[in-house]
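Have a look at the sequence and the fold below before reading on. The notes after it walk through one residue and the parts around it.

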Amino acid sequence: MSKVTMQLETLSCPTCIKKIEGALSKTEGVKSAKLMFNASKAKVEYDSDKVTSEGLKSIIEKLGYEVLKVKEA
């Protein structure tokens, strides 16, 4: 399993968290997706054979949120 932490633009409400976590959790290969509201970060554990960190970033951006930084663990 691979892990990635993404720094997002400032999240404005708890609904943003549910929206992003929901989309990531439904993605094939994602084991877990945890967003931290106050830090505006997403921590995702995923199977790199099924999805890439760039693919995860793209999912977040398609929802209308900006990913500022991607850090592979």
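What follows is a short tour of a serine, its strand, and the neighbours on either side. Keep in mind that this is a predicted model.

**The sheet**

Let's start with the big picture. Four strands make an open sheet, ordered β2-β3-β1-β4, with antiparallel pairing. The edges are β2 and β4 (67-72), each of which pairs on one side only. Going from one strand to the next, the twist averages 15 degrees.

Two helices go with this sheet. Helix α1 (residues 14-25) lies across β1 (2-8), β2 and β3, and runs at about 170 degrees to β2. Helix α2 (residues 53-62) packs on the sheet too, touching β1, β2, β3 and β4, and its direction makes about 35 degrees with that of β1.

**The edge strand and its partner**

Now zoom in on β2 and β3. The two strands run antiparallel, and six bridges join β2 to β3 (residues 41-46). Their hairpin has four residues between the strands, and Ser40 in it takes a positive phi near 55 degrees. Further along the pair, Lys34 stands opposite Lys43 in β3.

**Ser32 and Glu45**

Ser32 sits in β2, which covers residues 30-36. Which residue in β3 is the bridge partner of Ser32? That would be Glu45, itself part of strand β3.

Is Glu45 buried or exposed? Glu45 counts as buried, because its relative accessibility is 18% and the cut-off for buried is under 20%. Ser32, at a relative accessible area of 34%, is partly exposed, since that class spans the values between 20% and 50%.

Here are the two partners side by side:

| Residue | Strand | Relative accessible area |
|---|---|---|
| Ser32 | β2 | 34% |
| Glu45 | β3 | 18% |

As for who touches whom, Ser32 is in contact with Lys43, Val44 and Glu45, once its neighbours within four places in sequence are left aside. Glu45, not counting residues up to four places away in sequence, touches Met1, Ser2, Lys3, Gly29, Val30, Lys31 and Ser32.

Methods:
Residues are numbered from 1 along each chain as its sequence is written. This is a predicted model: local features need pLDDT of at least 70, side-chain atom pairs count only at pLDDT 80 or more; totals for chains, interfaces and linings use all residues. Side-chain values use heavy atoms; hydrogens and water are left out. Buried means under 20% relative accessible area, exposed over 50%, partly exposed in between (1.4 Å probe, protein chains only). Contact means heavy atoms within 4.5 Å. Two strands pair if DSSP finds at least two bridges between them. Axes are lines fitted to C-alpha atoms, for helices over the stretch in contact, and angles run from 0 to 180 degrees between N-to-C directions.
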